[in-house]
Amino acid sequence: RVAPTARFPEPLEDVKSSIRYLKAHADQFGIDPERIGIIGGSAGGYLTAMAATTSGTKTFDKGDNLQVGSDVKAAVDLYGLSDLTRIGDDYNDSVKKAHRSAGATEALWVNGSADGGILANPEGAQKANPITYISQTSAPLLLMHGTNDTVVSPSQTDLLFQALQKHHVPSKRYLVEGAAHGGIYWNQKEVLDIITTFFDSYLKK
């Protein structure tokens, strides 16, 4: 489910439901339910970070297969959002103003079609912030962002990285020089090798 037809936390509940489905059918798919890693870019990166920071808890677990958990062993967040009130931090004033509008995606994500931008609902914005849920059970996170990203401020992944470091959650962050919000830079061998090495360190026996 996606905004504006769905609001937080419905899409996150879907992600966690998918993880539980895989675990509940591990024998069918030939996978190890104790070694699951997730990866996403942009909004998918944000949902990955939310699933990772709430890993090891029952927070946002709803629906089927509740006999298994939605925890993961490792997660990779590619140019995702972390603090929905500061998505435009690295950009000019007109972009920052647009992000404060009621029509901005982050406002629709938290408030639905109600009037008011993201700043009109600070409690809702905090609940939709992965930093809020960091704990000792949070999954290790690899964060990557392009220096030429004009959609999501590169500082977004840094905010999350600094919070993870403060709570001693294993995490790494890389800036990909010249990379935009998606595109060919993300298919470079160097980038893919970093991702593969990170997953291998947590998922391989």
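Predicted model: local features only at pLDDT ≥ 70, side-chain atom pairs only at ≥ 80, totals over all residues.
| Salt bridge | Distance (N to O) |
|---|---|
| Glu 13 and Arg 1 | 3.8 Å |
| Asp 14 and Arg 1 | 2.9 Å |
| Asp 61 and Arg 20 | 2.8 Å |

In the pair of Asp 14 and Arg 1, Asp 14 belongs to helix 1 and Arg 1 to the segment before helix 1, so the bridge ties together parts that are 13 residues apart in sequence. Asp 14 counts as partly exposed, because its relative accessibility is 25%, whereas Glu 13 is buried, with a relative accessible area of 11%. Arg 1, Glu 13 and Asp 14 are also among the members of a network of salt bridges that includes Glu 10 and Lys 62. In the bridge between Asp 61 and Arg 20, Asp 61 lies in the loop between helix 3 and strand 2 (74–78) and Arg 20 in helix 1, so this pair ties together parts that are 41 residues apart in sequence; both Asp 61 and Arg 20 are buried.

The largest pocket has a volume of about 350 Å³ and is lined by 18 residues, with Ala 43, Leu 81, Thr 105, Glu 106 and Trp 109 nearest its centre. Helix 3 (43–53) and helix 5 (105–111) each contribute at least two residues to this lining, which divides into 13 nonpolar, three polar and two charged residues.

On the surface, Tyr 21, Leu 22, Phe 29 and Ile 31 form a nonpolar patch with about 330 Å² of accessible area together. Phe 29, found in helix 2 (residues 26–29), is partly exposed, with a relative accessible area of 39%.

Methods
Residues numbered from 1 in each chain as written. Heavy atoms only, no water. Patch = residues over 30% accessible without salt bridge, like charges linked within 9 Å, V, L, I, M, F, W, Y side chains within 5 Å. Areas by Shrake-Rupley, 256 points an atom, 1.4 Å probe, with all protein chains shown as cover. Salt bridge = Lys/Arg side-chain N within 4 Å of Asp/Glu carboxyl O. Helix = DSSP H or I, 4+ residues; strand = E, 2+ residues; numbered from the N terminus. Buried < 20%, exposed > 50% of the residue type's maximum accessible area, 1.4 Å probe, protein only. 1 Å grid on protein atoms, 1.4 Å probe; cavity = no way out; pocket = protein on both sides within 12 Å on 5 of 7 lines; lining within 4 Å. Points joined across faces, edges and corners; volume = space filled by probe spheres on them. Nonpolar A, V, L, I, M, F, W, Y, C, P; charged D, E, K, R; others polar.
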